[in-house]
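Please look at the sequence and the model below.

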Amino acid sequence: MKVLVPIKRVIDYNVKARVKADKTDVDLANVKMAMNPFCEIAIEEAIRLKEAGTATEVVAVTIGNKSSQEQLRTALALGADKAIHIETEEKLESLHVAKLLSKIVEQESPELVILGKQSIDSDNNQTGQMLAALTGRGQGTFASKVDVQAGTVNVTREVDGGLQTVALKLPAIVTTDLRLNEPRYASLPNIMKAKRKPLDVIAADSLGVDLAPRVQLVEVNEPEKRSGGIIVEDVATLVEKLKTEAKVI
Amino acid sequence: MKTLVIAEHDKGVLKPETNKTITAAVKLGFDVDLLLAGENLSAMSEQAASIASVSNVLIADDAAYANQLAENLADLVLSLADNYSHIVASATTTGKNFMPRVAALLDVAQISEIIDVIDADTFKRPIYAGNAIATVKSLDSKKVITVRASSFDIAQEQAPVAVTSVTGKGSVGLSEFVSEEQTESERPELTAAPVVISGGRGMQNGENFALLNGIADKLGAAIGASRAAVDAGFVPNDMQVGQTGKIVAPDLYIAVGISGAIQHLAGMKDSKVIVAINKDPDAPIFQVADYGLVADLFDVLPELESAL
């Protein structure tokens, strides 16, 4: 079974995003970038499937400019067998990404595609579901457990009321939630080995997908700041303040 | 121009997210129809028909929709989409699951988790864990939108309107429901409670979360948790408040033993009043707290419970 893992280069999760002075976007100049945390979980899950003998090949794919090859090399160092870089300088939307990925799905015919449930930059939570729609496959989103059987995959999903398990016909699409696994770190020998693994580059505009924007970013603003609070001395003062000042209890 | 809202419900009860999403939908400026898809819906249909500003309630009663499977639900919504310019649902785990599927099948973008409606095409939504607010304009002729319910008020009631049955294809044969594990709780739901008290890594283990019970009882509060507490296995995933968990905006939020990581703040910083209890005076949670108490939570919690 072949597993395809789309990944994304995003702002490092420890870095606080700042809005540009001209309010056109978030300022990413000289900001530390990393693999989206949910994508790391997706790579880890695919590698575990390979280690368990369920998967035979793990292919990582990303869409972005040249720098995003760094994250592909990380995926290769973690254990992916090969990588595909769909190169573009454009800032793409989830629908474009899903359409480009559907072309790679056509080309690679993976039985399972595992993606992060959302990227921590745009926070859209759309790509996996859209890819499932475009490829006519079932979707197991927000997975906390993935159990591959003959012809089906059982996915336990983190939902608002608890957990829900669904059975999907293979081929299928899975998106990862936080509790699916704990990703490993790449070892130095594996980082060296990753440099020799195959990485194909495809130009995004060669895939025949209309990449015209569907959403216009009008403006980006700082969120409203909370006015500074106070430190109270003890529980009695706290309760008093909540009763008389804040009037919330 | 007309708007279709897909109702959020669970175990025969219409969720408050539905009413709040109606409020957002009304702001678009068009008539609003409400779609109720599931099984055995008659009890809920009158409740749905009584939400102010709803013009028609559409009922799709079929076992295939009982568990809100994305593949079946998206197909149903797609079959109704011709009649609507805007398709709207709440950004719950259900809405987040099926709505992007609807958008892709319609070949339009989805505008995720809006917190404000500027006009019928333009919306505000948080990005980067709420560290920036983007104003976005949809260029598609049909809009597919999910709504952060905590940013909108509950809609008023009205005299019940007409209820019409609709039928979809039912199961599209891609997925089946296997089982569910619902967390049983007598407490109000996190996303609807007026008061939320959450514990973090500082709680040290799952048993210590019992220290929050007495306070929650007295305040009628829901109990939440930080991602650190959920990852450590102290409490189940459905208690997580944060960027990738539940987004809450209660009147009072009490953070206990929570340091205040960016992704946690993203889930609670719109609360009206925030209280932080943490023994580390430098914890970032104090930067968003209205009232901070620098103390050991194991001393403070029993004291707080008896003071209430």
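Strand S1 of chain A, residues 2–7, is mostly covered, with five of its six residues buried. A residue is called buried if 20 or more other C-beta atoms lie within 10 Å of its own, exposed if 12 or fewer do, and partly exposed in between, with C-beta atoms placed from the backbone. Strands (E, at least two residues) and helices (H or I, at least four) are DSSP runs, numbered from the N terminus. This is a predicted model, in which local features need pLDDT of at least 70 and side-chain atom pairs count only at pLDDT 80 or more, while totals for chains, interfaces and linings use all residues. Residues are numbered from 1 along each chain as its sequence is written, and chains are lettered from A and ligands numbered from 1 in the order in which they are written.

S1(A) pairs with two strands of its chain, pairing being at least two DSSP bridges between strands. It runs parallel to S4(A), residues 57–64, and six bridges join them; here Lys2(A) has Glu57(A) as its bridge partner. Two bridges, again in the parallel sense, link S1(A) to S6(A), residues 112–116, where the bridge partner of Leu4(A) is Val113(A).

Chain A as a whole holds six helices and 13 strands. Its C-alpha atoms fill a box of roughly 65 × 45 × 40 Å along the principal axes. Of the 249 residues in chain A, 49% are buried. Contact means that the C-beta atoms of two residues, placed from the backbone, lie within 7 Å. Among contacts in chain A between residues at least 6 apart in sequence, 68% join residues at least 24 apart.

Which residues meet across the two chains? The contact takes 66 residues from chain A and 72 residues from chain B. On the side of chain A, the elements that each supply at least two residues include helices H3 (94–108), H4 (127–135) and H6 (235–244). The largest share, eight residues, comes from S9(A). By class, this side of chain A has 34 nonpolar residues (Ala, Val, Leu, Ile, Met, Phe, Trp, Tyr, Cys and Pro), 14 charged ones (Asp, Glu, Lys and Arg) and 18 polar ones (the others, Gly among them).

Within chain B, helix H3 (residues 70–80) is mostly covered, as eight of its eleven residues are buried. Among them are Ala70(B), Leu73(B), Leu76(B) and Val77(B).
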